[in-house]
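Open the structure in your viewer and keep the selection tool ready. Each stop below says what to select and what is there.

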Amino acid sequence: MIFSIKEIKLSDLPSYSFNGTERRISLAFLFDWDAKPIIYDMKSLENSIKKEGYNPEKYGYITAIPYLFSNKYWVMDGKHRLDALKKIYNKNHKIKVKSC
């Protein structure tokens, strides 16, 4: 699959809702029973984006795969950043994403 950088409206990306208490399970759990889950600090992420802006060149692009015959997308990577962006900007705001 070949990816390129595209500008997409926030309204064309799905909505996710994270309140900061979600835990990401790591593959480390398969090998290390003492491994701790990663807890996202959504407030810090939102504050960082408000202060520095969405900077995919520095922090990585949100990866979005288009649905066939639609202008909507499935987000493969970057759901937490997308949730923060949707809380900060309006639905017509465009962001750069990595897409095929």
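The tour goes from the nonpolar core to a helix, then to the strands, and ends with the rings.

This is a predicted model, in which local features need pLDDT of at least 70 and side-chain atom pairs count only at pLDDT 80 or more, while totals for chains, interfaces and linings use all residues. Residues are numbered from 1 along each chain as its sequence is written, and side-chain values use heavy atoms, with hydrogens and water left out.

**Stop 1: the core.** Select Leu13, Ile62, Leu82, Leu85, Ile95 and Val97, the residues with the most contacts inside the largest nonpolar core, which has 16 residues. A nonpolar core is a set of buried Ala, Val, Leu, Ile, Met, Phe, Trp, Tyr and Cys residues joined through side-chain atoms within 4.5 Å. Buried means under 20% relative accessible area, exposed over 50%, and partly exposed in between (1.4 Å probe, protein chains only). In soluble globular proteins, nonpolar side chains tend to be buried together.

**Stop 2: helix α4.** Which residues of α4 are buried? They are His80, Arg81, Leu82, Asp83, Ala84 and Leu85. Helices (H or I, at least four residues) and strands (E, at least two) are DSSP runs, numbered from the N terminus. The cover over the buried residues of α4 includes α2, α3 (56–59), β4, β5 and β6.

Now pick out His80, which is in α4 and is buried, with a relative accessible area of 15%. Leaving aside residues up to four places away in sequence, His80 touches Phe18, Tyr40, Met42 and Leu45; contact means heavy atoms within 4.5 Å. With the same exclusion, Leu85 touches Leu10, Ile49, Tyr54, Ile62 and Ile95.

**Stop 3: strand β4.** Of the 5 residues of β4, 4 are buried. β4 pairs with β6 in the parallel sense over 3 bridges, and Ala64 has Ser99 in β6 as its bridge partner. Two strands pair if DSSP finds at least two bridges between them. β4 and β5 run antiparallel, joined by 4 bridges; select Ile65 and its bridge partner in β5, Trp74. The hairpin of β4 and β5 has 6 residues between the strands, and Phe69 there takes a positive phi near 60°.

**Stop 4: the rings.** Select Lys98 and Phe3: Lys98 lies over the face of Phe3, at 5.8 Å from the ring centre. A charge sits over a ring if NZ of Lys or CZ of Arg is within 6 Å of the ring centre and within 35 degrees of the ring normal.
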